[in-house]
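Hi,

Here is the model I promised to pass on.

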Amino acid sequence: MSDLDVQVPSAFDPFAEANEGNSGAGALDYVHIRIQQRNGRKSLTTVQGLKKEYSYNKILKDLKKEFCCNGTVVQDPELGQVIQLQGDQRKNVSLFLVQEGIVKKENIKIHGF
């Protein structure tokens, strides 16, 4: 048994090659726009992943005025600051962020049913 040369495989990351191009200063930071169903017909739209140098309160103020809805900025311990809006505003928010030059269209991920 001691004559066998057994090699124990080390930790292998199958996605290491895919992540190499995304590390460092050129990393793609996505803005996630999600919908959360509350009860009945009521729902929330959440926007997460905006850069920290932007004023979330000013963006929220413009979104509320543009789409005639209410909203708030919530501080989440894991996700950081998250913008919440009433209703299904996913497409409206994505178009707004692209038109204002806050985020490129390629960096927006829209989630939901």
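By contact I mean heavy atoms within 4.5 Å. Helices (H or I, at least four residues) and strands (E, at least two) are DSSP runs, numbered from the N terminus. Bear in mind that this is a predicted model: local features need pLDDT of at least 70, side-chain atom pairs count only at pLDDT 80 or more, and totals for chains, interfaces and linings use all residues. Residue numbers start from 1 along each chain as its sequence is written, and side-chain values use heavy atoms, with hydrogens and water left out.

I started with helix H3, residues 90-99. Buried there (under 20% relative accessible area, with exposed over 50% and partly exposed in between; 1.4 Å probe, protein chains only) are Arg-90, Val-93, Ser-94, Phe-96 and Leu-97. These sit on the same side of H3, because they cover an arc of only 160 degrees around the axis, taken from the directions from the helix axis to the C-beta atoms. Lys-91, Leu-95 and Gln-99 are exposed on the other side.

What do the buried residues of H3 pack against? Their partners are helix H2 (56-67) and strands E1 (31-37), E2 (43-48), E4 (80-86) and E5 (108-110). After H3 comes Gly-101, with a positive phi near 80 degrees.

Now the strands, which pair if DSSP finds at least two bridges between them. E1 and E5 run parallel, joined by three bridges; Ile-33 has Ile-110 in E5 as its bridge partner. E1 and E2 run antiparallel with six bridges, and Gln-36 stands opposite Leu-44 in E2. Five residues separate E1 and E2 in their hairpin, and Gly-40 in the turn has a positive phi of about 65 degrees.

Cheers
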